[in-house]
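Please look over the model below before reading on.

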Amino acid sequence: ERPFTLESTDVKAEASAGYTSVVVTQTFQNPFDVPLEGIYRFPLPHKAAVDRVALIVGERLIEAEVKTKDKARALYEAAKEEGRVAALVESKRPNVFEQSVANVMPQERVHVTLRYVAPLHYEDAEYRFTFPGVVGPRYEPPQRELAASPKTSINPAYVPDKDTRHRISLELHLTDNTPVFQVHSSSHALEHAVGPGDSHYVSLADTKALPNRSVDIRYMLASSEPTASVVAHRSSEEPGTFALTLHPPLS
């Protein structure tokens, strides 16, 4: 038996004012000769709020809508029974989400993109960006014959490194208006570049990194005076919100 293949995870994040906005794109492929439903469980930061999910199948872009849990599940099951490609993201625990993709055709690739916002951990004058890498066993093969139950689960954590094709890439853009310094990681080697406006771009040095551990990136803001940063958000249908973060001087 071959697993329903999770081929890659691409993470693009922007951090400012004590918060991070992260776009995660994951690519799946159905290696079997029958349509399948893939179920994939993955971790996110504890206080992450998912605000966008999109599905790309071939040249089709499918945008998700945020619904109550029961209604979203009912709509997904109805689409699955009708033979349509559909995706559902559910929160199983505060930091664990489950992605279901229905009716993935044989040999077809599916790109699932989700966007979330989360606060950055701050301690001892240091910000910490974390992208969780594993939760539970990575692959769970079907327990019954495919003809009886065309479903397979993908669950990040246990395929030996030598056997997995899954790779992760990550780029973090630091956009605070205060100079950034001492960017480092206890988990991965980093590439670090400074761009226009003193913005910083951080990425994994290993272009073929395995998702076998969490990515941990830390940095400090260099200022001898107190500084303030603000991020704002407004949708077309609701009043806007903002977050103001005050940074103490670096002593």
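The points below take the helix, then the rings.

1. The model is a predicted one. Helix H1 covers residues 69-81, 13 residues in total. At 1.5 Å a residue H1 should span 18 Å, and its end C-alpha atoms are 18 Å apart, so the two values agree.

2. Which residues of H1 are buried? They are Ala72, Tyr76, Ala79 and Lys80. Seen down the axis of H1, these buried residues fall within an arc of 100 degrees and therefore line one face of the helix. Asp70 and Glu81, on the other side of H1, are exposed.

3. The cover over the buried residues of H1 includes strand E3 (36-43), strand E6 (86-93) and strand E7 (96-104).

4. Tyrosine 122 counts as partly exposed because its relative accessibility is 36%, whereas tyrosine 127 is buried at 4%.

5. Tyrosine 127 also pairs with tyrosine 219. Their ring centres lie 5.6 Å apart with the planes at 25 degrees; planes under 30 degrees apart count as stacked, so this pair is stacked. The pair links distant parts of the chain, with tyrosine 127 in strand E10 (residues 126-131) and tyrosine 219 in strand E17 (residues 215-221), 92 residues apart.

6. Tyrosine 219 is buried, with a relative accessible area of 0%. Through these ring pairs, Tyr122, Tyr127 and Tyr219 are linked into a cluster.

Methods:
Residues numbered from 1 in each chain as written. Predicted model: local features only at pLDDT ≥ 70, side-chain atom pairs only at ≥ 80, totals over all residues. Heavy atoms only, no water. Helix = DSSP H or I, 4+ residues; strand = E, 2+ residues; numbered from the N terminus. Expected span 1.5 Å × (residues − 1). Buried < 20%, exposed > 50% of the residue type's maximum accessible area, 1.4 Å probe, protein only. Arc of directions from axis to C-beta. Contact = heavy atoms within 4.5 Å. Phe/Tyr/Trp six-rings, centres within 6.5 Å; stacked < 30°, edge-to-face > 60°.
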